[in-house]
Amino acid sequence: MNHPQYKYVVTGATSFLGLSLVACLLQAGHSVVAVCRPASSAGKVEQLVRAGAQVVLADMSEYGSLYRDVPQADVFVNLAWQGTGHDGRDDKEVQKANVVCSIAALFGADKMGCSLFVEAGSQAEYGTVLTTVSEQSACNPFSEYGKAKLQVKEELFSLSRQLGMKYLHLRIFSLFGEADHPWTLIMTCVGKMLAGQPVDLSDCTQQWNFLYVGDAAWQVMALCSHALASSSFGQEVYHVASPESRPLREFVERIRQLTASASVLNFGAVKPRHVVSLQPSMAKTAAVVSPLCRHTFDEVVQRIITQQRKHHTD
């Protein structure tokens, strides 16, 4: 049976998730307008063009008028967000500007005739929770980033309802993959362990959840398909995560086994200001997305190991 094909607008298209999502949508036969900032990496923009996406250059402040470049689309996926790094997460003004731009994007999507608007939320909306969280769990964000993501969800729930547009809010947990930032935990661990260097870590006793970025793209596309096909879909929150949560220490020790490293792991050397535990319930997402994951943690880490070894020998 052939699935309907749609026209997607994806902002933040050169981001870690953006590149994977655009590739996933194109492979499934959808058409994609990839919205990139004018200062985006030329290499990543070229990657999008080669994949078959139409590229539009626009700053976040211009999303409300994107309909002039894209007069018609079916789905608007808003992944763009400033201040996602440690330096910007508690910058109130930067986060406030993100909220304004997301609201403008919704109105721009309405002018394109989109029937579905998708916003990238975050597990940071929950704050410090040490138990399993569902989409109905209370949200008590401690960072300005988490507060802004939650504000966007609340405002766009209301505004999309007024506009008669479906709204999908994605609470994204911890993504990883071969093209991840070098300072992330997995990339740092692999690099240091391959070099036999000691690794300074927190206690790593909290629950954690790692989802391969390609599987995250798959989940997002499947959730969009569900929202578009369901006549009863209105405004919903869905988790984007792995069905498997484990103590963070187990993931770190598994990386050491896969790298066959003799590195010393200094658990407790780092004292984080906030201890975050990631233990999402995936029951709601699993009811409409199958399978949730198509890649195992081990196979992705093995690819990262191979990539880093090749990089050091080139």
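Mentor: Welcome! Helices (H or I, at least four residues) and strands (E, at least two) are DSSP runs, numbered from the N terminus. You are looking at a predicted model, where local features need pLDDT of at least 70, side-chain atom pairs count only at pLDDT 80 or more, and totals for chains, interfaces and linings use all residues. Residues are numbered from 1 along each chain as its sequence is written, and side-chain values use heavy atoms, with hydrogens and water left out.

Trainee: Thanks! Where does Cys204 lie?

Mentor: Cys204 has a positive phi of about 55°, although it is not a glycine. Most residues other than glycine have a negative phi. Its place is in the loop between strand E8 (199–201) and strand E9 (207–208).

Trainee: Is Cys204 buried or exposed?

Mentor: The cut-offs are under 20% relative accessible area for buried, over 50% for exposed, and partly exposed in between (1.4 Å probe, protein chains only). Cys204 has a relative accessible area of 2%, so it counts as buried.

Trainee: And Ala260, is it buried or exposed?

Mentor: Ala260 is another residue other than glycine with a positive phi, near 50°. You can find Ala260 in the loop between helix H7 (248–259) and strand E13 (265–267). Its relative accessibility is 70%, so Ala260 counts as exposed.

Trainee: What is the omega of the peptide bond from Ser290 to Pro291?

Mentor: Pro291 sits in the loop between H8 and helix H9 (297–313). Most peptide bonds are trans. The bond from Ser290 to Pro291 is cis, with omega near -5°.

Trainee: How many salt bridges does a search of the whole structure find?

Mentor: Side chains of opposite charge can pair when their charged atoms come close. A salt bridge here is a side-chain nitrogen of Lys or Arg within 4 Å of a carboxyl oxygen of Asp or Glu. One network of them links Glu178, Glu299 and Arg303. Over the whole structure, the number of salt bridges found is nine.

Trainee: How far apart are the closest N and O atoms of Lys96 and Glu93?

Mentor: Lys96 and Glu93 are three residues apart in helix H3 (residues 92–112), so about one helical turn separates them. Lys96 is partly exposed at 46% relative accessibility, while Glu93 is exposed at 52%. In their salt bridge, the closest N and O atoms are apart by 3.5 Å.

Trainee: How many residues apart are Lys284 and Glu236?

Mentor: These two form a salt bridge, with their closest N and O atoms 2.7 Å apart. The pair links distant parts of the chain, since Lys284 is in helix H8 (residues 283–286) and Glu236 is in strand E11 (residues 235–240), and their separation in residues is 48.

Trainee: At what angle do H5 and H7 pack?

Mentor: Axes are lines fitted to C-alpha atoms, for helices over the stretch in contact, and angles run from 0 to 180 degrees between N-to-C directions. Contact means heavy atoms within 4.5 Å. Among the residues making it are Leu185 and Met193 of H5 and Val252 and Arg256 of H7. The axes of helix H5 (residues 185–194) and H7 are 10 Å apart, and the angle is about 35°.
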